[in-house]
Amino acid sequence: MTPKPAAHPGGAPVRASALHHSHHRATRRGFLYTRTGVWTVRIVTFVILIVAWELYASGVSRALFAPPSAILESIIELTITDGTLWGALAISIGALIAGFGLAIVVGVLIGLFMGRFRTLEYVLDPYVSFLYALPSIALIPLLVIWFGIDTELRLALVFIAGVFPVIINTMAGVKNVDVELLDVARVACASERQVVTTVVLPGAMPFIFAGIRVALSQALVGVIVAEMTAIITGLGGMIIRFANFFQTANLFVPILAIMVVSVALTAGLKRLERRLMPWDHRHAEEGA
Amino acid sequence: MLDIQHVSKSFGRVAQPVLDDFSLTAAEGEFVSLIGPSGCGKTTLLRIVAGLLPATSGDVTVAGVPSVGPSRDKAVVFQHFNLFPWRTTLANAAYGLEIQNVPKQEREERAMRWLRMLGLEKYAHHYPGEISGGMRQRVGIARALAIEPKLLLMDEPFGALDALTREHLQGELQKIAEQTSLTILFVTHSIDEAVYLSDRIVVMGTHPGRIIREFAVDLRRPRYDYNFRAEPEYAQIRGEIWGMLERELAEDEERSDAAEDTTPMETPA
Ligand SMILES: Nc1ncnc2c1ncn2[C@@H]1O[C@H](COP(=O)(O)OP(=O)(O)OP(=O)(O)O)[C@@H](O)[C@H]1O
Ligand SMILES: [Mg+2]
């Protein structure tokens, strides 16, 4: 139960073979298929895109479309000169992490119990299925009535958006655990708690992570939509305020920030997954 | 040591029992093999003895104690190894001791002794996905032996291995059986394997599962030291069991002319 990824013995050979593979392709199909080739193409196309955008945008009204140079100015202004982006970012990420973290803990627990105890599954399954099917942003007005226009509203929305995918996937993972492995625990005289910690949870881990990945994207949508529609705050609030004043260049900054946050969180999740499941070779084969 | 008295087992509403009045005893240190046609209830019997499945009627006693559920003096080696993919070789082998709350250092030392004996010390920190089938089953054996059981139950443990690896592990199992006072109940499809390893072979018939006959194997031990297949007794036992199983299969076909449920089941849930 305490695997050290550094000592992961399968990592090295797999990565070596992946490298060998790309090298092989490179010799057959030329420069475009090497690592440097790919990055050269990416950078060149990016520069072309930016230049074209700059040329086009300088011909139209600033309120409609902002050129990259103006966006860069806005980035500098919002991150360094007045730094308002950081406050908004902290607000949004704070709500996201708190609600999402709570959703994971509660979702895994409920999913675990539903997967282990059939009666509980029969009782709760209809509610879980229907609430999972409902796009959580439809609940915003109701949540406003219940929680008012305050931080709790976002917390509740993020939680609701995240908890159901986690429940459903955890339950599926728990029920999917190999019965032959459960036999091993039973002949070893494991208690229910030991069965859960040594067989059920590790066995359900890939499912739980799949649920968490879905939950993360749902939760992110939840935060931003709540901030744009109900409480005008955080990154979502920033977008709305800039949009209302047609400050198009500024508008791009929180959008970019959301993208960066989303990518960073997904990457962090992937790292965590690799750390917690070093035996799982799918990661190694994807090639870091 | 092991005493199975009048055990019967039926599943659900199916009229015919899978096991019918099955009785078998094994003395301490004895190696008993169960051989029989597919679907005759060998796995079912083993699971009842292991305490994974309740018998419909009858009693199982292990070391004088009624055996109704899993207990620490019994260990199982499974046909499909059943290693935890998320545990290294060492952690898999130490699993039973971990469940018994043996402190980490002690359980790793004890598990390591068996891994060393089975030639696995170099692979102690590998995951099951990184070692060969033969090694995996050795881990399965180490895991069973690490809790130092009195009774070892093995359900076709070498069935999924290639001939060479199988022969090698049979030799290792024999050595372990010699060095310990383990009582072993061993399910197999292979007459050769049964003769090689056993003190006694129990031949089972099907529909319902029952004992047809028992054979004592008096071939000199250790049997990995000489070509036991050249002994006249080997050919004789082999021939008798072979004929018996063929007759049983033919009779069973007649009996089940009306019935259609002869599909074997690998792993009953
Ligand atoms: N859980 C179950 N429910 C219903 N029937 C079962 C169950 N488990 C086993 N059986 C039936 O009991 C019979 C014996 O099965 P068992 O697995 O014990 O046979 P076996 O001798 O181990 O066969 P094999 O050599 O193929 O492994 C089969 O006919 C099977 O269909
Ligand atoms: Mg079987």
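This is a predicted model: local features need pLDDT of at least 70, side-chain atom pairs count only at pLDDT 80 or more; totals for chains, interfaces and linings use all residues.
Chain A has an average pLDDT of 84, and 87% of its residues score at least 70. The confidence is lowest in helix H1 (residues 11-29) of chain A, where the mean is 46, and highest in helix H8 (residues 179-187) of chain A, at 95. The pLDDT is below 50 over residues 1-22 of chain A, a stretch with 19 contacts in the model beyond near neighbours in sequence. Residues 283-288 of chain A also stay under 50 in pLDDT, and the model has seven contacts for them beyond four places in sequence.

Chain A contains 12 helices and zero strands. Of its 288 residues, 39% count as buried. Among the contacts in chain A with a separation of 6 or more, 68% are between residues 24 or more positions apart.

Helix H8 of chain A is mostly covered, with seven of its nine residues buried. The buried residues are A:Glu180, A:Leu181, A:Leu182, A:Asp183, A:Val184, A:Ala185 and A:Val187. Within chain A, the buried residues of H8(A) pack against helix H4 (84-116) and helix H9 (192-229). In chain B, their packing partners are H1, S6, H3 and helix H5 (133-146). At the start of H8(A), a side-chain oxygen of A:Asp178 comes to within 2.9 Å of the backbone nitrogen of A:Glu180. Just after this helix, A:Cys189 adopts a positive phi of about 65°.

The contact between the chains involves 24 residues from chain A and 29 residues from chain B. Together the two chains bury about 2300 Å², of which 63% is on carbon and sulfur atoms. On the chain B side, B:Trp86, B:Ile99 and B:Tyr127 lose the most area to chain A, and together they account for 31% of what that side buries.

Across this interface there is one salt bridge by the rule applied. The side chains of A:Asp183 and B:Arg47 meet in a salt bridge with an N to O distance of 2.8 Å. A:Asp183 is also one of the buried residues of H8(A). A network of salt bridges links A:Asp183, A:Arg186 and B:Arg47. Between chain B and chain A, six residue pairs are in polar contact, both residues being at pLDDT 80 or more. Helix H1 (42-50), strand S6 (74-77) and helix H3 (95-99) of chain B each give two or more residues to the side that touches chain A. The most come from H3(B), which gives four residues. By class, this side of chain B has 12 nonpolar, nine polar and eight charged residues.

Over all chains, the structure holds 18 salt bridges. One of these joins the side chains of A:Lys175 and A:Glu121, at 2.9 Å from N to O. A:Lys175 lies in helix H7 (residues 151-175) and A:Glu121 in helix H5 (residues 118-133) of chain A, so this pair ties together parts that are 54 residues apart in sequence. A:Lys175 is partly exposed, with a relative accessible area of 47%, whereas A:Glu121 counts as buried at 12% relative accessibility.

In chain B, B:Arg200 takes part in two pairings. The salt bridge of B:Arg200 with B:Glu30 has its closest N and O atoms 2.8 Å apart. B:Glu30 lies in the loop between strand S2 (19-26) and strand S3 (31-35) of chain B and B:Arg200 in strand S9 (residues 200-205), so the pair ties together parts that are 170 residues apart in sequence. Both B:Glu30 and B:Arg200 are buried. In the salt bridge of B:Arg200 with B:Glu214, the closest N and O atoms are 2.5 Å apart. B:Glu214 lies in strand S10 (residues 210-216) of chain B, and this pair ties together parts that are 14 residues apart in sequence. The relative accessible area of B:Glu214 is 35%, so B:Glu214 is partly exposed, whereas B:Arg200 counts as buried at 14% relative accessibility.

Two further buried residues of chain B lie in helices. B:Gln174 is placed in helix H6 (residues 163-179) of chain B and counts as buried at 2% relative accessibility. Beyond four places in sequence, B:Gln174 touches B:Tyr196, B:Leu197, B:Arg221, B:Pro222, B:Arg223 and B:Tyr224. B:Arg110 is found in helix H4 (residues 104-117) of chain B and counts as buried at 17% relative accessibility. Leaving aside neighbours within four places in sequence, B:Arg110 is in contact with B:Leu97, B:Val102, B:Ala146 and B:Glu148.

Definitions and conventions:
Residues are numbered from 1 along each chain as its sequence is written. Chains are lettered from A and ligands numbered from 1 in the order in which they are written. Side-chain values use heavy atoms; hydrogens and water are left out. pLDDT is the predictor's confidence in each residue, from 0 to 100. Contact means heavy atoms within 4.5 Å. Buried area is the accessible area (1.4 Å probe) that two parts lose on being put together, summed over both. A salt bridge is a side-chain nitrogen of Lys or Arg within 4 Å of a carboxyl oxygen of Asp or Glu. A polar contact is a pair of N or O atoms within 3.5 Å; within protein, one must be able to donate a hydrogen and the other to accept it, and residues adjacent in sequence count only if both atoms are side-chain atoms. Ala, Val, Leu, Ile, Met, Phe, Trp, Tyr, Cys and Pro count as nonpolar, Asp, Glu, Lys and Arg as charged, and the others, Gly among them, as polar. Buried means under 20% relative accessible area, exposed over 50%, partly exposed in between (1.4 Å probe, protein chains only).
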